Amino acid sequence: VNVEANRLTRRFGAVADQWQIELSSRVAFGVEWLAGLREEQPPKSFFWVELPKAHNKTTFLALVCSWLLCYSQRKLLISVCAAAQKQAGLIRAAMQILRDRNPALLKHLHITDRRVSGPGGTLTINTSDEHTGQGEFPDLTIAEEVTIWHPTRGEALWSTLHANWLKRSGLFFVLSNAGYQASWQEKRYAD
């Protein structure tokens with residue numbers, strides 16, 4: 001897969017740091033199971049990953065989601081929640097860049113402002129300041145940069161997303177920076 005590295009198109013395997021390879025390995029079993037490539041459920045279905053700023057959290061999510069939407073053998077519903085529309089737009093933009101750099105691999109991705117679809121399913125892009133998550137049971141729930149979600153609306157959305165995930169056999173990814181001490185996010189991380 002080709003990615004953007006220092007404003008150049010480079011093969012991911014050639015530019016990936018060891019931690020990126022390890023992160024990919026940590027979630028691979030679950031992602032393959034979700035895509036219908038493994039029958040055995042993964043030993044872990046909840047992943048909370050903290051990375052410093054500028055460590056390509058958004059690109060990582062875009063890689064996982066783009067692959068699932070193009071190659072999953074099951075029709076999936078993926079829900080990505082970010083703090084605000086600007087952050088949510090970064091996810092969509094990262095998927096667009098991946099599609100542009102990998103036209104043969106990702107040609108079936110259809111990207112709009114709030115939705116990405118492909119043969120493997122649909123991804124919706126939501127923001128914590130406007131989305132309730134009520135009645136939504138995605139196969140993959142992604143909480144992007146959860147440490148900057150609104151103190152009350154963000155926590156309410158988190159509670160709904162987490163409760164919905166517990167009701168459905170799917171995956172839940174949280175990718176964020178370290179955040180703030182004594183916040184609701186830190187308490188959820190400790191749980």
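Reader: Let's start with Arg-38: how exposed is this residue?

Author: Arg-38 is partly exposed, since its relative accessible area is 35% and that class runs between the 20% and 50% cut-offs. Keep in mind that we're reading a predicted model here.

Reader: Which side chain does Arg-38 meet in a salt bridge?

Author: The general idea first: side chains of opposite charge can pair when their charged atoms come close. Here Arg-38 pairs with Glu-32, at 2.7 Å from N to O. Glu-32 is partly exposed too, with a relative accessible area of 28%.

Reader: How many salt bridges does the count come to?

Author: The count comes to 3 salt bridges. Another of them joins Glu-4 and Arg-101, with 3.7 Å from N to O. Glu-4 sits in strand S1 (residues 2-5) and Arg-101 in helix H4 (residues 85-101), so this pair ties together parts that lie 97 residues apart in sequence.

Reader: Are Glu-4 and Arg-101 buried or exposed, or something in between?

Author: In between. Glu-4 is partly exposed at 39% relative accessibility, and Arg-101 is partly exposed at 23%.

Reader: Which residue forms a salt bridge with Asp-139?

Author: That's Arg-74, with the closest N and O atoms 3.4 Å apart. Asp-139 is in the loop between strand S7 (121-127) and strand S8 (140-144), while Arg-74 is in the loop between H3 and strand S4 (76-82), so to speak a link between distant parts of the chain, 65 residues apart. The two ends have their own accessibility classes: Asp-139 is buried at 3%, whereas Arg-74 is partly exposed at 32%.

Reader: Which residues of H4 are buried?

Author: Look for those under 20% relative accessible area. In H4 they are Gln-87, Ala-88, Ile-91, Ala-94, Met-95, Gln-96 and Leu-98.

Reader: Now the surface. Which residues form a nonpolar patch?

Author: Val-1, Leu-37, Trp-67, Tyr-71 and Leu-105 do, and together they have about 430 Å² of accessible area. Take Trp-67 from that patch: this residue is in helix H3 (residues 57-71), and with a relative accessible area of 32% Trp-67 counts as partly exposed.

Reader: And what about Thr-124: buried or exposed?

Author: Thr-124 is in strand S7, and at 13% relative accessibility Thr-124 counts as buried. To see its surroundings, list the contacts: leaving out residues up to four places away in sequence, Thr-124 touches Ile-78, Ser-79, Val-80, Arg-114 and Arg-115. There's also a polar contact of 3.4 Å between the side chains of Thr-124 and Asn-126.

Reader: Zooming out, how many helices and strands does the chain have?

Author: There are 7 helices and 9 strands. Of the 191 residues in the chain, 46% are buried.

Reader: What share of the contacts comes from residues 24 or more positions apart?

Author: Such pairs account for 75% of the contacts with a separation of 6 or more.

Terms used:
Residues numbered from 1 in each chain as written. Predicted model: local features only at pLDDT ≥ 70, side-chain atom pairs only at ≥ 80, totals over all residues. Heavy atoms only, no water. Patch = residues over 30% accessible without salt bridge, like charges linked within 9 Å, V, L, I, M, F, W, Y side chains within 5 Å. Areas by Shrake-Rupley, 256 points an atom, 1.4 Å probe, with all protein chains shown as cover. Salt bridge = Lys/Arg side-chain N within 4 Å of Asp/Glu carboxyl O. Helix = DSSP H or I, 4+ residues; strand = E, 2+ residues; numbered from the N terminus. Buried < 20%, exposed > 50% of the residue type's maximum accessible area, 1.4 Å probe, protein only. Polar contact = N/O pair within 3.5 Å; in protein donor to acceptor, adjacent residues only side chain to side chain. Contact = heavy atoms within 4.5 Å.
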